[in-house]
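This report is written for a reader meeting the structure for the first time. Please look over the sequence and the model before reading on.

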Amino acid sequence: MAVDLPADSIQYLEDMPPRGMLVCISGPSGVGKGTVIEALKRRMPRLTHSVSVTTRPPRSGEQDGVDYFFRTVEEFEAMIENDEILEYDFYCSNYYGTPRRAVEEKLSRGEDVIMDVTVPGSLSILYKFDAACSIFLLPPSLSALRERLIGRGTENGDIIDSRLLKAVDEIEMAPKFDYILINNDVNFSAEEIRYIILAEKLRAIRRPAIEQKVLNR
Ligand code: 5GP
């Protein structure tokens, strides 16, 4: 008989270590990382999303502190200087970075944190955090990616071309990640990521001395 796992890993798994887990999602611009993360958060309400800092101008509808913290280049460079940035990248002429304090506070409260970052961003997180988990989202094809970038209507032709050019290099880095998904369908991808997170939470490395607790019950 098939059994459905409950929605949220933290509610489901007892005896979890107090520290949360970092999940990095990378993939080319337009692959649908943001939409997949939104669908995942509806399934796993206790999963928190790290809000990044960027020097890119806000797109219409984007809010400071919700979609990104929008900062000037000078402000961003001062944050790097003051060690306030956990990892950062200079991507298509703009800085993007993860604020250190917010992530560390969430992890120490036992919250799992999902980050939407460039490929170098994920690789730098994997280098700093042994137990981080990395997921690469592939588009079904390059032409599907192009159509999605055009359909999104948030970038002009030149920016779309530079993001597509970058996409090929990014896609070639996919084998460096722990998991590779093809984003054919948002809900399906979100569900696959939920399974990955649930499985990752069961890894022995995240359950130190769990067997002793069981033996002492
Ligand atoms: P966009 O301009 O489309 O919002 O984002 C461009 C790229 O920046 C995306 O691939 C996104 O994953 C990445 N990105 C967003 N926030 C961060 C961050 O904090 N660090 C890094 N390294 N990349 C980020």
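How many residues line the largest pocket, and which of them lie nearest its centre?

## The largest pocket

In this predicted model, the lining of the largest pocket is made up of 36 residues, and those nearest its centre are Gly 34, Arg 56, Arg 59, Tyr 68 and Asp 116. The space within the largest pocket comes to about 830 Å³.

Two or more residues of the lining are given by each of helix 2 (33-43), strand 5, strand 6, helix 6 (142-152) and helix 7 (157-172), and helix 2 provides the largest share, with 4 residues. Sorted by class, the lining of the largest pocket holds 14 polar, 13 charged and 9 nonpolar residues.

## The ligand and its shell

The largest pocket is where the ligand sits, and the elements that give two or more residues to the shell around the ligand are strand 5 (85-91) and strand 6 (94-99). The ligand is surrounded by 16 residues, with Ser 52, Arg 56, Tyr 68, Tyr 96 and Asp 116 the closest. By class, this shell around the ligand comprises 7 charged, 5 polar and 4 nonpolar residues.

## Polar contacts and cover

Where does the ligand approach N or O atoms of the protein? In the side chain of Glu 87, an N or O atom lies 2.8 Å from a nitrogen atom of the ligand. Backbone atoms take part as well: an oxygen atom of the ligand is 3.0 Å from a backbone N or O atom of Gly 97, while a polar backbone atom of Thr 118 lies 3.0 Å from a nitrogen atom of the ligand.

On its own, the ligand has 520 Å² of accessible area, and the protein covers 96% of that area.

Definitions and conventions. Residues are numbered from 1 along each chain as its sequence is written. This is a predicted model: local features need pLDDT of at least 70, side-chain atom pairs count only at pLDDT 80 or more; totals for chains, interfaces and linings use all residues. Side-chain values use heavy atoms; hydrogens and water are left out. A residue is near a molecule or strand if one of its heavy atoms lies within 4 Å of it. A polar contact is a pair of N or O atoms within 3.5 Å; within protein, one must be able to donate a hydrogen and the other to accept it, and residues adjacent in sequence count only if both atoms are side-chain atoms. Accessible areas come from the Shrake-Rupley method with a 1.4 Å probe; for residues, only the protein chains shown count as cover. On a 1 Å grid over the protein atoms alone, a cavity is a set of points where a 1.4 Å probe fits but cannot get out, and a pocket is an open set with protein on both sides within 12 Å along at least five of seven lines; lining residues have an atom within 4 Å of a point. A molecule sits in a cavity or pocket if more than half of its atoms lie within 2 Å of its grid points. Ala, Val, Leu, Ile, Met, Phe, Trp, Tyr, Cys and Pro count as nonpolar, Asp, Glu, Lys and Arg as charged, and the others, Gly among them, as polar. Grid points are joined across faces, edges and corners, and a volume is the space filled by probe spheres set on the points.
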